[in-house]
Amino acid sequence: MKFELNGKKIDINVAADEPLLEVLRRCNCYSVRSGCDTSNCGICTVWVDDRPILSCSYPAARAEGKKVTTIEGVPAEAHEVMELLANEGADQCGYCSPGFIMSVIAMKRDLTNPTEQEINEYLAGNLCRCTGYMSQARVLEKLWS
Amino acid sequence: MDKNFKVVNQHIAKTDAFSIMGGAPVYTGDLVPGDALTVKILRSPYAFAKVLEVKKDIAMKVPGVVCILSHEDVPLHRMSAAGSSYPGNNPYDRRILDSIVRYVGDPVAIIAAEDEKAAEKAMKLVKVSYEVMEPVLDFEKAEEMAAGGAVVHPEDNYVFQMDIGGDLQKNILSQDAIGEGDFEAEYNKCEFKLDETYYTCANQQAMMETFRSFSYYDQSGRLTIVSSTQITFHVRRLIAQALGLSQAKVRVIKPRIGGGFGAKQSMVTEPYAAVVTWKTGRPAYVCFDRHESFACGNTRHGFRVRVRLGADRTGLVKALWVDSLQNVGAYGEHAVNVAGLSGHKTIPLYAKTSAWKFTEKSVYTNTTPGGAFRGFGATQGCFAVESTVNKLAMLAGLDPTEIRLKNLPEVGQPMPAYYGEILQSCALPDCIRTGRKMIDWDNKYKSEPFSTQVGPHRYRGLGMAVTMQGSGLTNLDCCTVTIRLDDGGFYTMGIGASDMGTGCDTILAQMAAEVLQCDVDRIVVNGVDTTSSPYDKGSYASSTTYVTGNATVRAAKQLLDKMMAEAAVQLGVEQSEVEFDGDRFFVKAGEEMLQSMKNAGLNTYEKTQAKEGAESEERSLSLEELGVESVNGQRDFLTATVSFSGQSSPPPFVAGFAEVEVDTETGEIQLIDLVGVVDCGTVINKNLAQVQAEGGFMQGAGMALYEQVVIADDGRLSTDSFMQYKIPSRLDVPKIRIAFEESYEPTGPFGAKSIGEVVINTPSPAIISAIKNAVGAEIHSLPATAEKVYNALKNK
């Protein structure tokens with residue numbers, strides 16, 4: 001299977017039932033992590049053709065010929081969010097952060113001047129067990145100001 | 001009390017922030033060797049059964065299968081998987097694989113193969129025959145069922161490490177009773193007598209990174225386990241015990257952890273990886289999926305708590321009896337201590353009693369084993385006791401906040417139910433007052449239900465609760481810190497405490513930096529590898545800030561003292577003449593010089609200039625120079641190792657408040673506001689403490705409203721994924737507002753106490769009493785689902 005990963009051409013053998021998550025980890029993208037196996041937690045969020053998807057339940061073969069982006073592929077935008085999260089203490093265990101950050105960057109591209117409710121709805125699929133979301137909300141506020 | 005801090009009590013980012021968020025390979029699953037075997041576990045479909053035969057021959061023929069182990073292949077002796085100091089009170093009640101399976105999901109066979117597909121194919125081909133027995137699923141009937149022959153632990157090699165009042169023939173793991181005064185006499189004298197029973201169900205810690213570990217033999221032939229664990233050193237001892245090895249032959253490494261909340265205070269996956277490496281010599285990796293993590297890890301223990309409380313007309317609690325019955329589940333990890341905390345950390349808040357009593361019993365059942373979960377029994381006890389006190393407020397027509405203020409312990413007072421410890425710091429009254437302001441209690445709180453209508457059938461209400469926890473285990477747990485000066489003029493600090501995302505690597509570095517007068521960047525923190533880290537019991541019992549923190553401060557002070565002594569030698573002066581500013585060692589300007597400056601009539605600026613001139617280059621030494629001198633073979637290397645064990649476990653406190661809106665047509669509960677005011681002594685890291693508190697309150701809200709472990713009639717866990725077990729999303733917790741009222745704990749590092757656990761306790765009693773305050777619906781079992789509220793309204 002051929003696809004583009006963070007601007008790099010990849011040619012890799014994949015099993016018919018292999019989820020994209022596993023393939024990306026085989027490509028050494030360690031930011032892509034699994035949290036639930038049931039498409040509930042949002043931790044494995046990456047972009048396919050610039051749209052956020054859940055890589056745990058996205059068959060890798062479907063990404064044939066497509067452009068896949070992980071946090072490693074958007075270093076400048078990711079750094080901006082990471083810095084805000086770090087300064088707020090909102091990283092905590094960090095396990096859900098890459099998926100959350102990919103959703104946040106996608107949201108920033110999708111929405112202009114969203115309300116708090118719109119933000120919460122956009123990001124509702126990104127669960128976090130550590131923070132209680134308040135510190136993330138403070139980060140999001142700063143991201144737009 | 002000096003609170004003029006430079007590095008502690010500040011907002012400081014976590015030192016690992018960019019690696020964990022940016023996708024660096026720093027978690028267990030990122031570090032697995034390419035040739036590691038995949039380990040899968042064949043699990044019992046029955047809640048209680050004898051394993052008669054495990055037929056492996058056909059499965060072994062699957063290409064890629066390397067080994068299949070059943071109970072005949074593993075050591076016979078029993079162990080505990082609990083991470084707590086040795087010797088302890090956890091029973092040796094489990095084997096790696098046993099001939100009796102005690103809950104749905106209990107391991108029957110371990111399958112190791114070259115890849116996951118082969119392992120899974122083989123799993124389907126292992127044929128197991130069982131003799132199915134009637135399971136004990138209702139913990140309230142555990143004793144009664146034992147009389148009928150359903151004994152969960154009938155084995156003859158079960159070991160109690162100490163007398164905990166167990167009676168296995170009755171399914172009783174442990175029981176205890178303590179108290180003071182004549183309870184019945186005092187209770188009967190009281191104006192208000194309450195006798196309330198509450199239930200908490202099991203809860204999932206639901207850390208985002210599931211249980212996982214891998215193992216291999218290292219360069220010197222030691223069985224090495226890399227694990228997502230809170231208890232690195234305990235795992236070394238437990239694995240050695242499980243396999244009958246010398247601890248010298250076992251090494252455990254903890255990388256970054258994707259959350260623990262207590263779940264990883266037990267050994268869960270480690271023995272399965274280790275036993276495969278031990279048998280095959282090959283690296284082996286075991287990773288639980290979410291279903292396994294929920295069904296076969298460990299949960300918060302479910303409780304029934306009966307509270308009998310007597311109070312006088314003014315709300316003064318005169319008699320208090322907490323009686324806890326705990327569902328241990330199939331194995332006894334942590335159960336004895338968890339049961340204890342349901343009384344030890346609730347009764348002391350009502351400090352003016354004439355009589356109190358705490359009785360507790362823990363019973364085995366055929367359900368997923370309980371374990372540690374943030375709050376550790378105090379949470380369950382807090383729900384019951386605080387709900388009862390809120391009911392007292394209603395009956396007596398008193399304000400719930402005033403009742404608390406009237407009954408709280410005072411600084412200097414001993415707390416008999418809390419191991420007789422003397423309270424040395426407490427800002428809980430301030431926490432209550434501040435919280436009351438934050439939620440606008442005085443205007444919004446109406447004692448009668450249905451007082452605040454906000455829609456055709458929607459009403460709002462307020463509730464509150466108070467709580468305490470501890471800061472480590474007194475005179476038991478040992479935490480050690482090693483800190484050294486390196487030749488580049490920076491420090492390396494070795495810790496055995498396990499940063500699980502809470503940020504202990506950072507806050508301990510802050511404490512060392514405060515002592516050594518430098519930035520956090522100058523302290524490299526290294527943990528945890530049992531080969532190179534100093535001993536620490538691990539991260540649990542709210543202990544890293546207080547216990548490891550105390551060791552850190554002492555180690556840094558000792559190193560500073562050694563550096564000053566060495567600098568004095570090199571500067572050719574007495575140590576008392578040396579000053580250190582974090583970068584350089586100076587010779588203090590002597591009295592003689594100061595006098596001559598005074599006589600010369602210099603102004604302050606000129607004096608400073610003259611003083612700096614006097615402390616000239618040849619009379620000073622940089623930290624880097626001292627570091628270089630310490631490794632050039634002429635002088636000693638500068639390092640300090642100090643261990644600390646708490647002589648007390650000072651309680652942090654929280655006052656929690658909730659406002660809810662309830663729909664009387666549907667029973668739906670909407671959380672409007674959650675306020676928490678925390679006294680954790682000096683806040684070491686303002687960001688991290690706040691986020692700990694917010695996260696704890698969210699988990700507490702989840703426990704109050706959504707999170708429910710459901711066991712089906714056959715013992716199977718019905719809620720084994722995030723589809724059924726709903727943790728709060730950002731749409732469910734609209735507002736959590738946290739404030740701090742800092743006391744100063746004299747025994748704490750820079751006046752600090754703990755924060756990790758105490759923050760989870762108050763939401764459930766506060767929310768439940770807010771529901772009652774809104775619509776009069778009384779909930780006695782968690783979670784308070786819309787269904788329960790609807791039924792409570794209907795049955796009123």
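**A tour of rings in chain B, then chain A**

Select R300(B): it lies over the face of F373(B), 4.2 Å from the ring centre. A charge counts as over a ring if NZ of Lys or CZ of Arg is within 6 Å of the ring centre and within 35 degrees of the ring normal. This is a predicted model, where local features need pLDDT of at least 70, side-chain atom pairs count only at pLDDT 80 or more, and totals for chains, interfaces and linings use all residues. Residues are numbered from 1 along each chain as its sequence is written, and side-chain values use heavy atoms, without hydrogens and water.

Next, pick K537(B). Its charged end sits over the ring of Y540(B), 4.8 Å from the centre.

Now show W441(B) and Y445(B). Both are buried (under 20% relative accessible area, with a 1.4 Å probe and protein chains only). Aromatic pairs are rings of Phe, Tyr and Trp (its six-membered ring) with centres within 6.5 Å; planes under 30 degrees apart count as stacked, over 60 as edge-to-face and the rest as tilted. Over all chains there are 21 such pairs. The W441(B) and Y445(B) rings have centres 4.4 Å apart and planes at 10°, so they are stacked. Move to F580(B) and F585(B), another stacked pair, 4.3 Å centre to centre with 15° between the planes. F580(B) is buried at 9% relative accessibility; F585(B) is buried at 0%.

Then select Y158(B), F160(B) and Y364(B), which form one aromatic cluster.

Finish on chain A. Its C-alpha atoms fill a box of roughly 45 × 25 × 25 Å along the principal axes. Of its 145 residues, 57% are buried.

Key: Chains are lettered from A and ligands numbered from 1 in the order in which they are written. Buried means under 20% relative accessible area, exposed over 50%, partly exposed in between (1.4 Å probe, protein chains only).
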